[in-house]
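Subject: Structure handover and notes

Dear colleague,

Please find below the structure that I said I would pass on. My notes come after it, and I would be glad if you read them with the coordinates open.

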Amino acid sequence: MSYGQRIFSIVPDSEASSHVKAAKVDHLGPVPVGPLHDRLSRPLKDLRISVIDQCNFRCTYCMPKEVFDRDYQFLPKESLLSFDEIERLVAVFATLGVEKLRITGGEPLLRKNIEDLIARVTRITTLSGKPIEIAMTTNGALLAQKAKRLKEAGLHRITVSLDALDDSVFRRMNDVDFPVGDVLSGIDAAADAGLRVKVNMVVQRGVNDNEILPMAELFRERGHTLRFIEFMDVGSSNAWQWDHVVPAREIIDTIGLQHALIPVGRDTPNEVSERWRYADGKGEIGVISSVSKPFCGDCSRARISAEGVLYTCLFAQSGTDLRGLLRSEPQPDADDIARAIAGIWGQREDRYSEQRAALREQGIKKVEMSYIGG
Ligand code: SAM
């Protein structure tokens, strides 16, 4: 079966499948020069690569146990992009305008020797000659033991996902009975190692909205920026409903009752997070309002799944197989890989969050976040 015809299931529900297209290379076309722009004039600036589809948590809103159970078929090792392949891709993406790389998953710290990958990609520079900025998103479970090695390998920033401070709420949400204290130790270890740390909290009404204030207080004291993420309808298995979403405005108002907040806005138009600083100077928080206030118009992110499928939207239904291209004979050179990527980005017109209501009515099937990478 050719890659072009291959259809595979992202969720183990036989009707839920997603198309993967073969990458096309116009060998005669000019070699693309970055920065690339899509059909809506959005530049390609950020790349998120999932290095593994497995996770040691079963967060109820992301990898619910009922779906990701013992029989779930995760990708075999040989299907994952190798570090060589990832390095080759990142180097090409950098020539096309990518400035920031985020390593994610699944749980990226489960990928063996992940620090070796970080050491390799730190050598890559952006179009302006600066080193590419490298960040990682992790659930923090293995961070206490790995933080120092990650820093030494050249990781710049780390985002730790943590949805509650109350141990019983946290254990219920991760659904593997993992204690919150161990994630907090991981955060401390990362800060001690010299990594810039941010904390991400997904807020679900009736599940952990009582944790907004305790989380804000703790990280205000510890000096880490806490970012609140609206619960999103990524994938097709997390039983998402509108009324489970706590809008960013409500989160800001809740914290604002305790501590005056001043809007700062976004660092750059392409940032996902809107910043607010505490008026007393004690740091800041961020909100990611992909549901209540979509920011598709400025989305500059491409995502590559652990098996090398390129997606141009977090809510995508289909992607393009770059691994097939990388492993094809004769081996494509960097120019051909760049041509393939430029062809995909040039056609991009996704803006799911802005069209959410209409697209949900059509009942489209989307790839899972654990597969595509957060
Ligand atoms: N395992 C790593 C972690 O926990 O950070 C990386 C992968 S995880 C898919 C990346 C991020 O996506 C996490 O912060 C997680 O909370 C977030 N996430 C997953 N499902 C989500 C959803 N339905 N809505 C909003 N955020 C979600």
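Predicted model: local features only at pLDDT ≥ 70, side-chain atom pairs only at ≥ 80, totals over all residues.

Residues are numbered from 1 along each chain as its sequence is written, and side-chain values use heavy atoms, with hydrogens and water left out.

Buried means under 20% relative accessible area, with a 1.4 Å probe and protein chains only. Leaving aside neighbours within four places in sequence, Phe 93 is in contact (heavy atoms within 4.5 Å) with residues including Leu 44, Ala 302 and Ile 341.

Ile 341 is also among the buried residues of helix 9, where helices are DSSP runs of H or I with at least four residues and strands are runs of E with at least two, numbered from the N terminus. The buried residues of helix 9 pack against elements including helix 1 (83-95) and strand 12 (301-304).

Asp 38 lies in the loop between strand 2 (17-22) and strand 3 (46-50), and counts as buried because its relative accessibility is 6%. Its side chain makes a polar contact (a pair of N or O atoms within 3.5 Å, one able to donate a hydrogen and the other to accept it, where residues adjacent in sequence count only if both atoms are side-chain atoms) with the side chain of Arg 42 at 2.7 Å, and another of 2.9 Å joins the side chains of Asp 38 and Arg 348.

Best regards

Conventions
Buried < 20%, exposed > 50% of the residue type's maximum accessible area, 1.4 Å probe, protein only.
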